[in-house]
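Here is a model to look through in questions and answers. Keep the sequence and the 3D view side by side.

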Amino acid sequence: MTITLNNRRDFTLEHLKRVAINGESIRISRSAKRSMNEARKSFMAYLNSDRSRFIYGTTSGAGHHASQRLNPRQQKQMAQQRNRVAPGGGFGPDYLPERVVRMIIFARLTNYIEGHAKTRSIESERIAQMLDNPLPKVPLSGQVGAGEILPLAHVMSHMPHGDTEEAEPMARVNGSPVSTAVLCDVALSTQNRLALAYQIFSLSIEAYGAPLAPYSASLLRYSQSHYEKQAIRSLRYWLNKASTKGRLSYQAPVSWRILPPVFAAAEEAYSTVLESAETSLQAVTDNPVYILPNSRNRLGRVISTGGYHNAQAAPAIDDINARYADLCTLADRHTMKLHSAEHLPPNLAVPGGESYGTAMFSFLQVGYGEEARLAARRSFLPSSEGGGIAGQNDVASVSVFAYQKHLRSAFCLEASLTLLATSASQALWLTKRKPAHRLTTLLETIRDLVPPVTTRTNRNLGAELESLQQHFETDINSV
C-alpha cells in the first residue's frame, strides 16, 4: 500500500509505522505539490526582490563561509554544483536499524510538504522515491556534530540524481529528521517493551506466590498519580482471576510490592517521549526556514534558526534508559529471590536430582543490569565544539548518541526479562502450578524456546535464552 501526504497533519505515528515497519511507499498529493510550487514561486520572488539580503546557504556560503556574500551568478552556480550530497563520515561496526532509516526519510518530508523548505515539489518526490530503493547504511558511531548533517549526509547521498536550484541543496541536509526518527522509534518500541514487561513481572508474581494486595483495585482511589493507576490496571489485567490459594501469608519482598510505582515512572517517561515524538514529527525545523506569505509579508520571510537542534530528544530518551535500568534491577531481584526463597526448591532444581536447576540465571542478571545502568548515563551537550574549524558550529546534537545507548539499554532489559521469564516458568513447573489464564500463552512461548530444566544435561541454555530474547525483540519491533 501507499501513504498519501497532503500536509503536516499527515505526519502521524500511525503513518510512520506503515512506512517504517510495514514497508509502504509514499505518494505526494497534487494539493501538496501545488502548495510547494506556490511557495517556491513566492520564495523566488522574495529572493529576486533583493539578492543582496542575507539568506544562509543561498546568498551566502555555508558553515564557516556564512559571512561570505555571493553575487547572483555565484548563487545559481553554487546551487547547481551542490546537486548531490557527499556520503557522510563516521563508520561501523553498528548501524541504525533499517526501520529507523525509513523513519528519517519519512520525517525529512515534514519541512517540504507545505513549502517551508522553499523547494520545487520535484525535490519531495525524489526523497519519497528513496523508500523504494536500497536503503543507505547510517553508522551509529561518530554522528555527534552540529545539527544533523553527519547522519543526513549518509541518507541524502542516496537521493535520486537531479538538478538543483537556489536554496534546494541546503534544505536537503538541514532540519532535525534524525532526532525525530529516533524519538519515534523509542516511543513505538517502548510501548511494546513495557507491555511485555508487565506480562513477565505478572508471571513472576504468580511464580513467587506473592500476595495480590499491592495490586488491589482498592488502591486506585488513593493514588494521585495517573501513571500509577495505569500501572496497577495493567498488572491487574494480567493477574485477572489469579488463584488466591497457596500464596504467601506475609508480605513479599520490596521488589514485588513496588512494581506499581516503578512502572508508573516508566509510564511517565514513555508519555514524555511519545509527546516529544508526535510534536517533532509535525514540526518545521529547517534552517533557514521560509515563513509562508501573509498579509504582513506578501512574499514571505526567511529566518535563520536553531530548529535543526532538537533539545527534547536526548533527555527524553535518557529518561527511558533510566527506567529500563530500574526494571532490570527489579528483574535481578525477582530472579534471585525465586532461586533462594524458602518456599520454593533451592536453585529451582528438581529435589534430589543432579541438576543445578537454573541457578546460573541469577549470575547472568548482574551483568545485564550493570550494562543497563551504564547505558542510562545522562547525555549532556558535548563540552567540545562540534564542527571543528567551522566556527559557527560550536554545539553538537547528541540525539544519535542517546539512541545508541538506548539500543543497548533495550537489549539489556529484554535479556533481564528473558532470564526472569524462564526462572518464573521453572518455578511454576517445579511446583506444578498454573498462572492466571491470560499468562498461559506467554508461558507456552517461554517453554517452547526454553523448556524446564529437569536434570544435569549438556543443553546450550545460552542459545535457548538468546532465541527467546530474539523472539521478544522481533515482536517488540514489528507490532
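Predicted model: local features only at pLDDT ≥ 70, side-chain atom pairs only at ≥ 80, totals over all residues.

Local features need pLDDT of at least 70, side-chain atom pairs count only at pLDDT 80 or more, totals for chains, interfaces and linings use all residues, and side-chain values use heavy atoms, with hydrogens and water left out.

Q: In which helix is R126 found?
A: Helices are DSSP runs of H or I with at least four residues, numbered from the N terminus. R126 falls within the run of residues 121-129. That run is helix α5.

Q: Is R126 buried or exposed?
A: Buried means under 20% relative accessible area, exposed over 50%, and partly exposed in between (1.4 Å probe, protein chains only). R126 has 9% relative accessibility. Therefore R126 counts as buried.

Q: Which residues is R126 in contact with, leaving aside its neighbours within four places in sequence?
A: Contact means heavy atoms within 4.5 Å. With those neighbours left aside, the partners of R126 are R120, M159, P160, H161, G162, D163 and R172.

Q: How many salt bridges does a search of the whole structure find?
A: A salt bridge needs a side-chain nitrogen of Lys or Arg within 4 Å of a carboxyl oxygen of Asp or Glu. The search takes in the whole structure. The total is 24.

Q: How many residues apart in sequence are the parts that E165 and R120 tie together?
A: E165 and R120 form a salt bridge, with their closest N and O atoms 3.7 Å apart. E165 lies in the loop between α6 (149-156) and α7 (168-173), and R120 in the loop between α4 (98-108) and α5, so the pair joins parts separated in sequence by 45 residues.

Q: Is E168, which meets R120 in a salt bridge, buried or exposed?
A: The side chains of E168 and R120 meet at 2.8 Å, N to O. E168 lies in helix α7 and R120 in the loop between α4 and α5, so this pair ties together parts 48 residues apart in sequence. R120 has a relative accessible area of 17% and is buried. E168, at 0%, is buried.

Q: Where do R247 and E206 lie?
A: Their side chains meet in a salt bridge (2.0 Å, N to O). The pair links distant parts of the chain, 41 residues apart. R247 is in the loop between α9 (226-238) and α10 (254-257), and E206 is in helix α8 (residues 177-208).

Q: What volume of space lies in the largest pocket?
A: On a 1 Å grid over the protein atoms alone, a pocket is an open set of points with protein on both sides within 12 Å along at least five of seven lines; lining residues have an atom within 4 Å of a point. Grid points are joined across faces, edges and corners, and a volume is the space filled by probe spheres set on the points. For the largest pocket, this space is about 990 Å³.

Q: Which residues lie nearest the centre of the largest pocket?
A: The lining has 44 residues. α3 (72-81), α6 and α7 are the elements that give two or more residues to it. Nearest the centre are Y56, A62, I149, V173 and N393.

Q: Which element gives the most to the lining of the second largest pocket?
A: This pocket holds about 350 Å³ of space, and 17 residues line it. α8, α14 (399-430) and α16 (461-478) each supply at least two of the lining residues. With eight residues, the top contributor is α14.

Q: How many disulfides does a search of the whole structure find?
A: A disulfide is a pair of cysteine sulfur atoms within 2.5 Å. The sulfur of C328 is 6.0 Å from the closest cysteine sulfur, in C412, too far for a bond. C328 is buried, with a relative accessible area of 0%. The search finds zero.

Q: How far apart in space are V186 and N477, C-alpha to C-alpha?
A: V186 lies in helix α8 and is buried, with a relative accessible area of 0%. In sequence, V186 and N477 are 291 residues apart. In space, C-alpha to C-alpha, the separation is 10.0 Å.

Notes. Residues numbered from 1 in each chain as written. 1 Å grid on protein atoms, 1.4 Å probe; cavity = no way out; pocket = protein on both sides within 12 Å on 5 of 7 lines; lining within 4 Å.
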